[in-house]
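These notebook entries record what I looked up in one structure. I took the topics one at a time.

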Amino acid sequence: MALLEVKNIKKHFGKTEVLKDISFSLDKGEVLAIIGSSGSGKTTLLRCINFLETPQAGVIAVGDEVLFDGSDPAKKKDKEIRKNRLHFGMVFQQFNLFPQYTVYENLILAPKLLAKEKLKAGETYMGESSYRAAVDKIKEEAEQLLEKVGLTEKRDEYPCNLSGGQQQRVAIARALALNPDVLCFDEPTSALDPELTGEVLNVIKGLKSSDSTMIVVTHEISFARDVADKVIFMADGVIEEEGTPQQVIENPQSPRTQAFLSRFNRFSD
Ligand SMILES: Nc1ncnc2c1ncn2[C@@H]1O[C@H](COP(=O)(O)OP(=O)(O)OP(=O)(O)O)[C@@H](O)[C@H]1O
Ligand SMILES: [Mg+2]
């Protein structure tokens, strides 16, 4: 069974149809790269999957749990939407760290709040049934995540004292701290100077080897080719072409995919 199943998602803003019947699935440990021109609906799709936008129709399921079935979200409780969101981690183009907290505090803040909430509701948090034990575990994990993204020495710095690449690596660690099933990236390197993109892409590559399931919206075509198991090319709110990187990037069949990629080839190398 697929880890993530997205079926027949439709989203419009007023009269603008942005997503026209999008379907795909993702297995555990797979990396999906989404490419496509500006305005094709990539961010909107990620925002729908993360419950930051509500589609007008479709199904979103993680494992055997249907999180969205097209029914009126106004009838859903906030608590339910927040619970749905926990299946996903989101890393934005603009890092979005909490500027008033240190790197380490950025990592432990949300997990601590969640632990408090869960324990209050009589549930365990990561197998721990007392707040103190849960917090100890959260702190231990935060230290491990800092090591994973290579920022242990920046633990007590504030975001304003970090480079863009370092801030983005903190944002990745922060998303991982909530143990999401699927980690989503929306152009994680496009706000960075070219010399800083490599360090962020390397962290994402490293996550692939630790079996994270990821969706990466990116304009880094060679990165998509090297890291993705599946590639989707979006155009005007539809999946124009999908397949392995060899199929979509090396050997595109659709004229629109070919035209899009030829623009990149002209600028790269
Ligand atoms: N909140 C909104 N209200 C109205 N229209 C929107 C909204 N969000 C997105 N759109 C429209 O939806 C379309 C798709 O936008 P989206 O941001 O998903 O594209 P994108 O593929 O991520 O583009 P880019 O590569 O530039 O980031 C655009 O025409 C955009 O103007
Ligand atoms: Mg976008």
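I began with the surroundings of Lys230. Leaving aside residues up to four places away in sequence, I found that Lys230 touches Ser25, Leu26, Glu30, Val31, Leu32, Ala33, Gly243 and Pro245. I note that the model is a predicted one. I placed Lys230 in strand β9, which covers residues 230-235. I then looked up the spacing of Lys230 and Pro245: they are 15 residues apart in sequence, and their C-alpha atoms are 6.2 Å apart in space.

Next I turned to a pair of helices. I looked up α5 (residues 164-176) and α6 (residues 194-209), whose axes come within 8 Å and cross at roughly 20°. I therefore recorded α5 as roughly parallel to α6. The crossing of these two helices is right-handed. From α5, I listed Gly164, Gly165, Gln166, Gln168, Arg169, Ile172 and Leu176 as meeting Leu196, Glu199, Val200, Val203, Ile204 and Leu207 of α6. Sorted by class, this contact has seven nonpolar, four polar and two charged residues.

Last, I checked the cysteines. My search of the whole structure gave zero disulfides. For Cys184, I found the closest cysteine sulfur in Cys48, at 12 Å from the sulfur of Cys184, which is too far for a bond, because a disulfide needs the two sulfur atoms within 2.5 Å.

Note on methods
Residues are numbered from 1 along each chain as its sequence is written. Chains are lettered from A and ligands numbered from 1 in the order in which they are written. This is a predicted model: local features need pLDDT of at least 70, side-chain atom pairs count only at pLDDT 80 or more; totals for chains, interfaces and linings use all residues. Side-chain values use heavy atoms; hydrogens and water are left out. Axes are lines fitted to C-alpha atoms, for helices over the stretch in contact, and angles run from 0 to 180 degrees between N-to-C directions. Helices (H or I, at least four residues) and strands (E, at least two) are DSSP runs, numbered from the N terminus. Angles under 35 degrees count as roughly parallel, over 145 as roughly antiparallel, 65 to 115 as roughly perpendicular and the rest as oblique. A crossing is left-handed if the near helix is turned anticlockwise from the far one by less than a right angle, and right-handed if clockwise. Contact means heavy atoms within 4.5 Å. Ala, Val, Leu, Ile, Met, Phe, Trp, Tyr, Cys and Pro count as nonpolar, Asp, Glu, Lys and Arg as charged, and the others, Gly among them, as polar.
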